Amino acid sequence: MQNLLHNLNQEQLAAVTLPAQSALILAGAGSGKTRVLTTRIAWLIQTGQVSPAGVLAVTFTNKASKEMMTRLSAMLPINTRGMWIGTFHGLCNRLLRAHYRDAGLPQTFQILDSQDQLSAIKRLLKSMNVDDEKYPPRNLMYFINGAKDQGLRANDVEANDDYNRKFVELYDLYDQQCQREGVVDFAELLLRTYELLSRNQPLREHYQARFQHILVDEFQDTNDLQYKWLKLMAGQRGAVFAVGDDDQSIYAFRGANVGNMSAFEREFRVENLIKLEQNYRSHGHILDSANTLIANNSKRLGKNLRTDAGHGEPVRIYEATSDLQEAQWIVEETKSLINDGASRSEIAVLYRSNAQSRVIEHALVASGIPYRVYGGQRYFERAEVKHAIAYLQLMDNPHNDSAFLRVVNFPARGIGARSLEQLQDAAKQYGISLYAAVPYVAGKAGATLGSFLKLIEGGRFETQHLPLPEMVQVVLDLSGLLKHYQTEKEGADRIENLEQLVNAATLFVSEEGFGIDAPALLGPKAQAVSGAAITTADGIEIFDADAPLATVMSPLSAFLSHASLEAGNNQAQAGEEALQLMTVHSAKGLEFDAVFITGLEEGLFPHENSQKEDAGVEEERRLMYVAITRAKKRLYMSFSQTRMLHGQTRYNMRSRFFDELPEEALKWLSPKVQQHSWFANPKSAWDEAPEKAANSISKNFGKRDIGWRIGENVAHQKFGEGVIVNIEGSGGNARAHINFGRHGMKLLDLSVAKLEKV
Ligand code: ATP
Ligand code: MG
């Protein structure tokens, strides 16, 4: 038997081997929280205190749950595939699939990712003739999700004016629309499960008895509903083992409530609160930086971190004049890291928002360094992939109106706006889905819609006995999508993405174990509970959602939920040999040998939206703490005097966070200047630093780019006349610093700015 405990320190050991009561492990980054949680599961199973089927473990991302299963399989001779390890959403999906009837859902219910949810809301507003300027769809979406995250249905929400009453009314109508179409959004997955278990006593008692051990990672980011959900699952006796770090709570904007940690301590009568203070991840200077920074926050539960590792390298800080130059610096430093033997996948470039990656990517492409971007548009969110998924969704559940509208006329098959209007009217009149309303449309419109119906039904018939990957292949052909993109000029990439879907299906089938006998996956112990229906004391039969997805839903349904859940998944995937680019949020829980934190400017990081209130800045500071603590050996930070974002030039001050770091841990690569430099106030650039400006002109005078020259006079629609003082980049990426006199200095994208010569 493997000794699971030998490589733990005293506190970790104490945490892993706590008795079966609720416990809170409160500890800073890199102190081994995730390791402790995983080891505890293994220890509980190995010592026979629980069977794999009695464990419920909640992770923050799908990737984290896969990793946990892999680690467990390495520690124990069990197959972890059937175990209940997953995200809140993933676990709820599984429960709802098994108990769809009790939950009031069709067996083939489908999951709306946030993109689909927004379009469903737009559709609702349109059909109700609601003014979408007065009631912006996005606001309604936040309103609905916010309410659901607190466990509130429309009739639980108190509205005290007409405007809010309208929101509540629309929330209710939205829920009805989803129910009619057999779709659920992310928040609904949780709320529906919560309601199911709170109303259905035998079912609740069954799961409460079954899950003797519930373990939650990243507990600081649970929202109110998730907390209530855990309470319900745990029941009176249940033991919840929660690990978290209040300093890493970074999802308040999505409803996460760090107050859950103290509530948990109180309400779960936690007797064992263990702090882990030894950090195993980062070198000294990096850890000192993190500690000193986070000490600036006021509301903290209080804990320390120390390391036995030496100081290591200082944190390197670079000031660039432009974001292009910043990107170039990242490329150079990366090259030298690689030269020194670093592996590319062990280097991460982090930024506050996705829009910042473009410039960095550009520099990486030019330098030939392979990279991967995470958290931007993900595979399952690409338009062509969503089209293909929509066909599959319709075959599985034809009443999904979002899917219907997405592809009814894509590729074009002569179904125009008028026909659709007729169809929507009929659907509204009878209160049915668009698909069901087709027979009520007469004339030519009816005929073309009818042939679309036949296409979907034919597809379903033709593929019903095929394995999933082949089914996907047939649908790509039959839908006309492949053919459509073959005729499109830039279609090659899209075709490749579509064909990837067949691979994704193949991988999914093998990972989830479809086609393999379900009980065999769980090992002999689990066979006793899986498969058969369970009869409770009250004589009610319960089908236990025990087995892998394979036994509770069809491969197609499972694959479609996987696609929706992945689309909402924000974390990076296991990397190939490529540099890792991602937002700080996506980097949570991960670690890298070397980390770049870029764009450290006021307004960007801390983000401008956060600065209205102290709480906002504190959350940004926690985000910065997360960023710093991802680094093991080397940490780089950078900021730039000017930056082009969303087509606009910003002249930014460096981030206040620099002033909150310990000077002795830092190495400024360019001299640290006082923070009132000329760029912070573009209007007076020439007044304050005429030499600097003139210098840059004379150095580059005559440099040209697609017809533009430094020193040339130009006119801009909004800013009037100005003079080009500098040009950077070239071709489609060329940008010019232009002094517009009264309007000050601007950095404009030459390919976008529509300048005229004067
Ligand atoms: P985060 O807050 O970022 O999620 P964490 O507290 O979950 O971090 P882990 O990811 O579990 O920390 O551990 C951080 C690193 O330290 C990992 O590489 C882990 O393997 C290592 N580690 C943890 N405990 C020990 C130990 N006792 N001995 C050696 N290495 C350890
Ligand atoms: Mg962790």
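Predicted model: local features only at pLDDT ≥ 70, side-chain atom pairs only at ≥ 80, totals over all residues.

Biologist: What makes helix α12 (residues 284-294) mostly covered?

Modeller: A residue is buried if 20 or more other C-beta atoms lie within 10 Å of its own. In α12, 9 of the 11 residues are buried. Among them are His285, Ile286, Leu287, Asp288 and Ser289. Ala290, Asn291, Leu293 and Ile294 are buried too.

Biologist: Why does Phe211 count as buried?

Modeller: Phe211 has 22 C-beta neighbours inside 10 Å. The cut-off is 20 or more, and therefore Phe211 counts as buried.

Biologist: Where is Phe211 in the chain, and what does Phe211 touch?

Modeller: Phe211 sits in the loop between α9 (201-210) and β6. Leaving out residues up to four places away in sequence, Phe211 touches Gly54, Leu56, Met233 and Gly238.

Biologist: Why is strand β10 (residues 347-351) called largely enclosed?

Modeller: 5 of its 5 residues are buried, so β10 is largely enclosed by the rest of the structure. Both faces are covered: Ile347, Val349 and Tyr351 are buried on one side, and Ala348 and Leu350 on the other.

Biologist: How do you know that β10 and β15 (residues 592-597) pair?

Modeller: Two strands pair if at least two bridges are found between them. β10 and β15 have 4 bridges and run parallel, so by the cut-off of at least two they pair. Ile347 stands opposite Ala594 in β15. β10 is also joined in parallel to β14 (residues 579-583), by 4 bridges. There, Gln580 is the bridge partner of Ala348.

Biologist: In what order do the strands of the open sheet of 6 strands lie?

Modeller: The order is β3-β2-β6-β7-β1-β8, and the pairing is parallel.

Biologist: What makes β3 (84-86) and β8 (272-276) the edge strands?

Modeller: Each of them pairs on one side only. On average, neighbouring strands of this sheet are turned by 10 degrees against each other, direction ignored.

Biologist: How many bridges show that strand β1 (residues 23-27) and β8 pair?

Modeller: They have 5 bridges, in the parallel sense. That meets the cut-off of at least two, so they count as paired. Leu26 has Lys275 in β8 as its bridge partner.

Biologist: Which strands does helix α11 (residues 260-267) touch?

Modeller: α11 packs on the sheet and touches β1, β7 and β8. The direction of α11 makes about 150 degrees with that of β1.

Biologist: Why do you say that ligand 1 lies between two domains?

Modeller: Domain 1 (10-102 + 189-278) and domain 3 (315-378 + 571-668) both give residues to the shell around ligand 1, so the ligand lies between them.

Biologist: Which residues of the shell come nearest to ligand 1, and which helix gives the most?

Modeller: There are 19 residues around ligand 1, and Gly32, Lys33, Thr34, Arg35 and Tyr280 come nearest. Helix α2 (residues 33-46) gives the most to the shell, with 3 residues.

Biologist: How do the residues of the shell divide into nonpolar, polar and charged?

Modeller: The shell has 4 nonpolar, 10 polar and 5 charged residues.

Conventions. Residues numbered from 1 in each chain as written. Chains lettered and ligands numbered in written order. Near = placed C-beta within 6 Å. Nonpolar A, V, L, I, M, F, W, Y, C, P; charged D, E, K, R; others polar. Domains from an automatic or database assignment. Axes fitted to C-alpha atoms, helices over the stretch in contact; angles between N-to-C directions. Contact = placed C-beta atoms within 7 Å. Buried ≥ 20, exposed ≤ 12 C-beta atoms within 10 Å, placed from the backbone.
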